[in-house]
Amino acid sequence: MTVRTRFAPSPTGFLHIGGARTALYCWLESRRRGGEFILRIEDTDRERSTDAAVQAILDAMHWLDLDADEGPFYQTQRLARYKQVADELVAAGKAYYAYESKEEIEAMREAAMAKGEKPRYNGYYRDRNEPGFHEARREDPNRVIRFRNPSEGSVVFDDKVKGRIEWANSELDDLVIFRSDGWPTYNFAVVVDDIDMGITEVIRGDDHVNNTPRQINIYHALGAKVPEFAHLPMILDKEGKKLSKRTNSVSVMEYRADGFLPHAILNYLVRLGWSHGDQEIFSREEMIALFDIADVNKAASRFDTEKLAWLNQHYLKTDDPQSLAAEFEWHLQRAGIDTSHGPAPVDVIVALRDRVHTLKEMAERAKIWYAPIAEWDDKAVAKHLKNDSAVAVLDAAKSLLAGCEWQPEPIHQVIGQVAAKLELGMGKIAQPLRVAMTGTQVSPSIEYTIYLAGRDEALKRIDAAIAIARG
RNA sequence: GCUCCCUUCGUCUAGUGGCCCAGGACACUGCCCUCUCAAGGCGGGAACACGAGUUCGAGUCUCGUAGGGAGCACCA
């Protein structure tokens, strides 16, 4: 049978890091096994679901290039189907109507808690089936449908990540599967969907482990084949706490804005809770070939932005600069840089990729080549421009640069000639020029820094620096 | 409270009874390279939560303890 996995977020916010990893694992597992990956939007909570969130999730999935074979499906469009299945369960005596108000249920829970018991529904309407009983209550505003959970025995399943898990049915109560507002609840809708969509592997966050036994009972009641389950451990923040937007970037698209590459994020995520020996770097093809959901670790892990940054720089350094150009230009624009003049973004990438961890940083540092020097670093000026050899260096460089072929290598030759002529070390040559080009003491190699400025602008900046040096 | 789950360097992890006085990576750090900053090369410190047991032998198996997490909704 074809392997089919699904990612089923509820659109109550953007796609966060944990969700992205779940989506990645679902996607990888289906890809490796030649199966299909389905996207489903779980929007039955009409209070909290928004169209903007749906769009944000779709955008993030697209940016990560986690393409779905089917979907997105929307649960709100499947209401009739849920109703039909629920009615069948009621007709078969596997579910029943109940009429407690929310207040009554709340009181029931509190009473149970007070006695030190697990809060459970008491099954008051479970066997009320005398003739006419339910017809008389057809219009009761509190009417819900509850699933008749088996009261004996236990549910056992082999979780692909956690291993064998056994649950006593006596721990489970008769959960609501249809609310009084006419919408299905999560535990019911997922099961109906996963059956209808032919899902064979349910891969999801570990906060769902506790729901699984209930869902398995519903599968049984529906006479459906129970899929495989794999529950992924949580991703915690640096302090080992739950990820929260107050203290961390949690949205995938926030990471984009911070200058991370989609592949770096995917590579980081695939290694968080999974490994293949000592390998750290995985191409998409390698991930697909090597990933196995059964090898995922059981314990929660912490999100380490520094390691992500290292991976990001790795891809900045090793990817074809041309393939990075579009994303980099997006960042240049966000940084308010006018790229109609100035160096080709690809050249800037080559100059800066060894020196920054993110594209955002790169865009910041690129400003010096797209706009005049905004401010001079006093220390740099004092140290490298206001000294006895600076004017001579600048002068000599200026005249040689004026007629030199405008490529990094010839420019490098020119610098060497200046050094030879003035009998000065490279430090005495490069630093004044660097300050002239950037106003600071830090930049890529001097020939590249000059090259990126362009001949006209470079000569102009040298003139300005000479003026400053002369005081 | 109840049920379920988890525990190897600061962090991500390798490890499926002897190859482990525990390997790799990030971070930190020393040296080298060097026109600045990086990048790179070569080094360094740093962990099996604790206690019993099984075994000739335990990070690896069993049981307990401690610590952590999740869930217990007409939310997903």
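Biologist: How do the residues of the surface near RNA strand B divide into nonpolar, polar and charged?

Modeller: First, a word on what we are looking at: this is a predicted model, where local features need pLDDT of at least 70, side-chain atom pairs count only at pLDDT 80 or more, and totals for chains, interfaces and linings use all residues. Residues are numbered from 1 along each chain as its sequence is written, chains are lettered from A and ligands numbered from 1 in the order in which they are written, and side-chain values use heavy atoms, with hydrogens and water left out. A residue is near the strand if one of its heavy atoms lies within 4 Å of it; Ala, Val, Leu, Ile, Met, Phe, Trp, Tyr, Cys and Pro count as nonpolar, Asp, Glu, Lys and Arg as charged, and the others, Gly among them, as polar. The surface near RNA strand B divides into 15 nonpolar, 20 polar and 27 charged residues.

Biologist: How many residues surround RNA strand B, and which are the closest?

Modeller: The number around RNA strand B is 62. The closest residues are Arg-109, Arg-179, Gly-273, Asp-354 and Arg-434.

Biologist: Which residue has a backbone N or O atom 2.3 Å from a phosphate oxygen of RNA strand B?

Modeller: Let's go through some polar contacts, meaning pairs of N or O atoms within 3.5 Å; within protein, one must be able to donate a hydrogen and the other to accept it, and residues adjacent in sequence count only if both atoms are side-chain atoms. An N or O atom in the side chain of Arg-48 is 3.4 Å from a sugar or linking oxygen of RNA strand B, and a polar side-chain atom of Asn-211 lies 3.2 Å from a base nitrogen. The backbone contact to a phosphate oxygen, at 2.3 Å, belongs to Gly-273.

Biologist: Is Asn-211 buried or exposed?

Modeller: Asn-211 sits in the loop between strand 9 (201–205) and helix 6 (212–221); helices (H or I, at least four residues) and strands (E, at least two) are DSSP runs, numbered from the N terminus. Buried means under 20% relative accessible area, exposed over 50%, and partly exposed in between (1.4 Å probe, protein chains only). Because its relative accessible area is 18%, Asn-211 counts as buried.

Biologist: Which residue forms a salt bridge with Asp-196?

Modeller: A salt bridge is a side-chain nitrogen of Lys or Arg within 4 Å of a carboxyl oxygen of Asp or Glu, and the count comes to 38. For Asp-196, in helix 5 (residues 186–196), the partner lies 118 residues apart, in the loop between strand 3 (70–74) and helix 3 (79–91). Asp-196 is partly exposed at 34% relative accessibility. With the closest N and O atoms 2.7 Å apart, the partner is Arg-78.

Biologist: What is the nearest side chain of opposite charge to Arg-146, and how far away is it?

Modeller: Arg-146 belongs to strand 5 and is buried yet has no salt bridge. Its side chain does reach the backbone oxygen of Asp-174 at 2.7 Å. For charge, Lys and Arg count as positive and Asp and Glu as negative, while His and the chain ends are not counted. The nearest side chain of opposite charge to Arg-146 is Glu-100, 4.5 Å away.
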